[in-house]
Structure formats: C-alpha cells, structure tokens
Amino acid sequence: MAAVDPDFKTSFCLDSYYVSDELGFILPEPLVELPPYYQPWMDVAVRVPDLVQSHELRSHIYKMPLLSSEFLQKHRELRLAHLALSVMTMGYVWQEGEKGTVEILPRNLAVPYWEVSQRLGFPPIFTHADGVLANWKKKDPQGPFDMENLELLVSLPGGDSVRGFFMVTLLVELAAVPALRSIPTVINGVRCGETEAVARALEVISQSIQDMTDTLKLMQVHVEPSVFYGIMRIYLSGWKDNSSMPKGLIYEGVQAEPMEFSGGSAAQSSLLHCFDELLGVKHEEKSGAFLTRMRNYMPPAHKKLIQDISLQPSLRSFVQQQANEQLNQAFHLCVTKLLALRNYHINVVSRFITVPAARARQIRNQSQDLQCETISRAPIALEERGTGGSGIMIFLKTVRDKTKDAFLLEKSKDVNSETAQQFNNST
Ligand code: HEM
C-alpha cells in the first residue's frame, strides 16, 4: 500500500463543479420558457428552421426589440436565453449559405447575447453546452430518458436529423455518467493508496466508455449523412479559421472590431477531456492546443473540473508503482475502451463527412446536373474542416494515436498487435 498523501486533507468530490449525480454534465430540467418580457426572442428562436427556409429570419431579427438582459436571474434562465440567442445567431449568419454571410450581427441580438454570455462565462456562439446539454425536454415527465421520450427545445435547419444528432449526443453524455461519478473514487483511492477501490472504479469507467461507444452507434439510425453534410453542418460552424468568414463577426454595440469564435462541436464536451487528464493521455502540440482552446467553450465549472483532475497525483504512476495485476488490467481496459471510442468516432466522421464530401466533389467535378442533391448544397469551406474549425482527419488520428501512448510500457506490446488491425480498418 502507498502512503497516505498528507497534502490532501479533504476528499475530492464533484459537488462544486455543476455535475449532476443523475445526469453528469447535462443541465437538469432545462427551462422551456423565459419570463414573458423575453417572448420576442422565444417567438423567433422556435421558428429558426422555418424562417431560414423562407429566407425571412434576418428580417425578423431586425424587427426584434433591443431587450435588457437584467431580468434574467437564475442559471437556467441564462442557459435558455443563451440557447435561444445562439440558434438565432447561427441562423442569421448562415441563412444565405457560405456565399451570403454577414459582417455584422445587429445590436438587438449582439448586445444581449454578449451580456448573457459574459454572465455565464460562455462565448457568444452556439456551443455543445447549448445545443446538447441544455436543449432537451421529456415529452412525458415521468417517462424514461430515451430517444422516444426526448425532444428538442429549439432546432436548426435539417429536420429529424438535427433532433437525432443532438439527442444521440445527449445520450452519449448520459452513458458517461457512471464514469464521471467514479472519477472521485479513483482520485481519492490514488491519494490514499487504495488499490482495489481504484481498480473497481476503473472497471466502472471502462464499462461506461463502452456504453458511450454503443450509444454513438445510434447516430447512423437517427441522422441522415447527406442531411448532416449538406444542410446541418453550416449552421454549427463558426467564424474562426473559416474561409467564408475570414474577418470574423462584428458584434454591433459590443465592440467595433470583429471577433472570431469556433463553431459547435462535441470536442467541447468535457467528458473525454476528463478521461484524458485522469488516464494521463498527453496530446501532441497542435491538436492539444485545439483541444485546450475548446475548453473555453465549456461551462466554466466543467472546465475547472478538468483542470483540477489534471492537478491530482498521477494515476499512471500509481498503477506502475503498485504493480498489482487487477489494477493493471483495469487501467489497461480503460485506455483500450477510450481508444476504441476514438476509433469508432473516426468511422462516424468518415460516414458523415469524408464520404459525402467525396461525393459532393465528384458532383462538382463532373458538373453533373444534380444541384437538387442535398450534399451538393454543402459549404466548400467546411470540406476539410470540422465545425470546430479543425483539419479533421489528421487531427482526429493524432488524438487517437496519442491515446495509445497512455498504455503502460509492458502492456503496449500486446496492444499494438491486438489493435493494429482495428486501426488499419479505420485509417
Ligand atoms: C455525426 C456525428 C459526429 C460527427 C460528424 C463528428 C465530427 C467531429 C469532428 C469533425 C471533430 C473535429 C473537431 C471539430 O473541428 O469539430 C470532432 C471532434 C470530437 N468529437 Fe465528434 N462528431 C460526431 C459526434 C460526436 C459525439 C456524439 C461525440 C461524443 C460526445 C463526439 C466527440 C468528439 C470529441 C471528444 C472530439 C475531439 C477529439 C477527441 O477528443 O477525440 N463526437 N467530431
């Protein structure tokens, strides 16, 4: 047994990080209505897909009154306000596609959006915390938290595929809750030298990561790749590292200079950031910088949790020092499951981006008269880039390969042979 670390007087717990026991990073019971004063926002926000379709969203937004954000008091009111202002902003910017973007977000949207964002510590753009974590409602409040019983509060163009995309991602967040709840057990166990407790908690974490992968498989059931690629993606994308908005966006009434923000991406989910810090996955410089930047798009309390996990005594060193077979196996399994999740995610990205992108290029090159095909409407600027702005495949494969480095040395040989085939299949 390792010695008790005297520097840690209180045990590590999730209480101060806005993590729900039942729902993890998901916002419990998001509000569905704002105070009546804000009805002009909600009236437009719930109609964003229709108003974009009829090219009327921008004119509706010009007509909106400039409202003060001071009557928003509770956290959940601010979250719904941010979500509503976010979908309006994405619709406003991208209503006319990548060739018809704007340089200025009008003040009646920009000023309250900025204020609400400042109060939450969020960026003034649509994030994973908006579209996924705070954008759900149970149809039957007593019913289960599942695909059939969940609906979105607000949406973006893309119909059922938008619902599928956000809801499946929400269920992936839910599948991770047991893992999240076990993180304090791992940290406290390492601090106190409780080998068996750490091993058991790691087993829970690996099962939970497996459940995340299984849930991610629902994406192909609920989301149509051509709709995702040809219609939805542009509305998730931002004005940083995006050649169709090279100058960024001026938030009128906030500051005269344009600002740049990345679009919404599950790279902004706090889950894998927590697992990486816990397991000691160290990312390569460029992809690491992107992932670190994504932490600025998370609720500040969740970002703080990731930072605090990174400050704990190293789990990897503990596993090495203990030289305990059960602990070794459990650690190994965790890294294996995380690697498998990242591998499967690469397959998803291939199905939803790489393959439709190739088809869209083919249509363009052959100048085929297929303008009515959904994928041919996709923005060219996003072909090689994720909505978060990354150069997709190189980034995802680098991140995945660095996960492999977290294996302990004596195990890495077996892993290389076990997983080589798997990697080859998805590269
Ligand atoms: C149709 C489904 C999905 C597609 C097409 C997709 C696409 C992408 C892309 C292009 C990136 C690169 C970063 C960027 O620029 O945005 C990315 C990163 C990432 N995505 Fe997804 N994603 C999907 C679903 C999910 C889901 C459900 C999760 C789970 C919460 C997830 C978790 C991540 C993570 C954690 C990263 C950062 C890279 C890493 O840590 O491995 N993605 N995704």
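## Salt bridges in this model

A salt bridge here is a side-chain nitrogen of Lys or Arg within 4 Å of a carboxyl oxygen of Asp or Glu. With that in hand, welcome to this predicted model. By this rule the count comes to 11 salt bridges, and a few of them are worth a visit. As background, side chains of opposite charge can pair when their charged atoms come close.

Let's start with Arg 200 and Glu 196, whose closest N and O atoms are 3.0 Å apart, so the pair meets the 4 Å cut-off. Both residues belong to helix α9, which covers residues 195-216. They are separated by four residues, about one turn of the helix. How exposed is Arg 200? Its relative accessibility is 45%, so Arg 200 counts as partly exposed.

Is Arg 400 buried or exposed? Arg 400 has a relative accessible area of 2%, so this residue is buried.

Another salt bridge links Lys 402 to Asp 405, where the closest N and O atoms are 3.4 Å apart. Lys 402 is partly exposed, at 27% relative accessible area. Asp 405 is partly exposed too, with a relative accessible area of 47%.

## Helices α12 and α14

Two packed helices are described by the angle between their axes and the distance between the axes. For helix α12 (residues 270-279) and helix α14 (residues 300-310), the axes come within 8 Å and cross at roughly 10°. Angles under 35 degrees count as roughly parallel, and α12 and α14 are therefore roughly parallel to each other.

Which residues make the contact? From α12 come Ser 270, His 273, Cys 274, Glu 277 and Leu 278. On the α14 side they meet His 302, Leu 305, Ile 306, Ile 309 and Ser 310. Sorted by class, this contact between α12 and α14 has five nonpolar, four polar and one charged residues.

## The iron atom

Finally, a look at the ligand and its iron atom. Which protein residue donates to the iron? The single donor from the protein is His 345, through its NE2 atom, at 2.1 Å from the iron. His 345 sits in helix α16, made up of residues 325-365.

Conventions. Residues numbered from 1 in each chain as written. Predicted model: local features only at pLDDT ≥ 70, side-chain atom pairs only at ≥ 80, totals over all residues. Heavy atoms only, no water. Donors = N, O, S within 2.8 Å, 3.2 Å for Na, K, Ca; no water. Helix = DSSP H or I, 4+ residues; strand = E, 2+ residues; numbered from the N terminus. Axes fitted to C-alpha atoms, helices over the stretch in contact; angles between N-to-C directions. Parallel < 35°, antiparallel > 145°, perpendicular 65-115°, else oblique. Contact = heavy atoms within 4.5 Å. Nonpolar A, V, L, I, M, F, W, Y, C, P; charged D, E, K, R; others polar. Buried < 20%, exposed > 50% of the residue type's maximum accessible area, 1.4 Å probe, protein only.
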